Amino acid sequence: MELYKLLSELLSRIEENVSGTREAEYVVDLPISIVHLRRLFKFAFGVPLQSYIRSRKLAASLEHLMLSEKRILDIAIECGYEHEQTYIRAFKREYGLTPGECRHSGRNIHITAPLHLFPKNNVCGNLVYGPNMVMMPSFHLIGQMYRIEIAEAPTKAPEAAKQFWWNNRHKVPSPVEPNIYYGLTKTLDPSFSWTHYLPSIRVQNLNDIPDGFSGDTVPASLCVGFRYIGNHHYEEISELRAEALYHAIDRLAKENEGKYELLDSEFFVEKIDTNAYDGEYCQMEWFAPIRVK
């Protein structure tokens, strides 16, 4: 099952049966082990699966609590808790007060909203998130410079990245983040049909650039960022996947163009933490500078 469909199905099951008593109830017949699913969920959404299920279960219990006169015990059982005290303890950890106190407090309670995936998050069955605004500090890169025709970038850039990563990154002295790949793209002139692409790793300074290598400094910039999660090795970001990813980034960025101007014609950066690959899923981040309108 595709990554996008897998997580969409899981989120639907949680909402349809939020009172389930065991995590395993939500993964029956899904083509993935509970161990891998937990890892994937945390990877995709940034929260543990068990924590999300608990938060959604407690959020559902609030409706019974605030809109009825049901006993706390009955609410606990309806929401999948076998014991009243287990429910009360979980409720207090989540909201800072007991169900009884909540019922009479008059306070607004902030709940965990249901997670959703949308067609715009779907990239060849995998996932893309964003945009997020980030302030990126200045940093230095050393790598091998390529001149790549824009039309050939989805094919040539991954080839250049693999060539550098496996054959030449070890020649860069004193890398700051030896397990993180950076791909820096710069367009010297918008009228050119080609760009400069620098497969590289981060260094402390540019004082020791080996022969045949190039150095560059990425300026401190307010950027827009996107995150891609794929059910494959990071080396398998194929031409098809790369094109689909950049089309998705372009579409998502345009949805927000009233807020900022995307300056990817100046430069953009791909970032892959190779240590994040867990044997099943890879992650890539993409950043480009913006000008807030």
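This is a predicted model: local features need pLDDT of at least 70, side-chain atom pairs count only at pLDDT 80 or more; totals for chains, interfaces and linings use all residues.
I started with Glu9, which makes a salt bridge with Arg13, the closest N and O atoms being 2.8 Å apart. The rule I used asks for a side-chain nitrogen of Lys or Arg within 4 Å of a carboxyl oxygen of Asp or Glu. Residues are numbered from 1 along each chain as its sequence is written, and side-chain values use heavy atoms, with hydrogens and water left out.

**Entry 1: salt bridges**

Back to the first pair. Glu9 and Arg13 both sit in helix α1 (residues 3-16), four residues apart, about one turn of the helix. I took helices (H or I, at least four residues) and strands (E, at least two) as DSSP runs, numbered from the N terminus. For exposure I called a residue buried under 20% relative accessible area, exposed over 50% and partly exposed in between (1.4 Å probe, protein chains only). On that scale Glu9 is partly exposed at 31%, and Arg13 is buried at 19%.

How many salt bridges does the rule give? The count comes to eight. As a reminder, side chains of opposite charge can pair when their charged atoms come close.

Next I looked up Glu255, whose side chain meets that of Lys120 in a salt bridge (3.7 Å, N to O). Glu255 is in helix α8 and Lys120 in the loop between α6 (99-105) and β1 (122-123), so this pair ties together parts that are 135 residues apart in sequence. Both ends came out partly exposed: Glu255 has 49% relative accessibility, and Lys120 has 33%.

Then came Arg202 and Glu177, a salt bridge with its closest N and O atoms 3.5 Å apart. Arg202 belongs to strand β6 and Glu177 to the loop between α7 and β5, so the pair ties together parts that are 25 residues apart in sequence. I have Arg202 down as partly exposed, with a relative accessible area of 26%.

**Entry 2: strand β6**

Eight of the 10 residues of β6 are buried, so the strand is largely enclosed by the rest of the structure.

Which strands pair with β6? I count two strands as paired if DSSP finds at least two bridges between them. Here is what I found:

- Strand β3 (residues 139-143) pairs with β6 in the antiparallel sense over four bridges, and Leu141 has Arg202 as its bridge partner in β6.
- Strand β4 (residues 146-149) is also antiparallel to β6, over four bridges, with Thr195 of β6 as the bridge partner of Ile148.
- β5 pairs with β6 in the antiparallel sense over five bridges, and there Gly183 has Pro199 as its partner in β6.

**Entry 3: the largest pocket**

I ran the pocket search on a 1 Å grid over the protein atoms alone with a 1.4 Å probe; a pocket is an open set of points with protein on both sides within 12 Å along at least five of seven lines, and lining residues have an atom within 4 Å of a point. Grid points are joined across faces, edges and corners, and the volume is the space filled by probe spheres set on the points.

The largest pocket holds about 900 Å³ of space. Its lining has 35 residues, and Ala153, Thr185, Tyr246, Phe268 and Glu270 lie nearest the centre.

Which elements supply at least two lining residues each? They are α7 (153-167), β5 (180-186), β6 (194-203), α8 (239-255), β10 (267-273) and β11 (282-292). α7 gives the most, with eight residues.

By class, I get 25 nonpolar, five polar and five charged residues in the lining. The classes put Ala, Val, Leu, Ile, Met, Phe, Trp, Tyr, Cys and Pro as nonpolar, Asp, Glu, Lys and Arg as charged, and the others, Gly among them, as polar.

Most residues other than glycine have a negative phi, and most peptide bonds are trans. I noted these exceptions.

The peptide bond from Gly130 to Pro131 is cis, with omega near 0°. Pro131 is in strand β2 (residues 126-136).

Cys124 is not a glycine, yet has a positive phi of about 55°. I found Cys124 in the loop between β1 and β2, partly exposed at 37% relative accessible area.

Ser174 also has a positive phi, near 50°. Ser174 lies in the loop between α7 and β5 and is exposed, with a relative accessible area of 62%.
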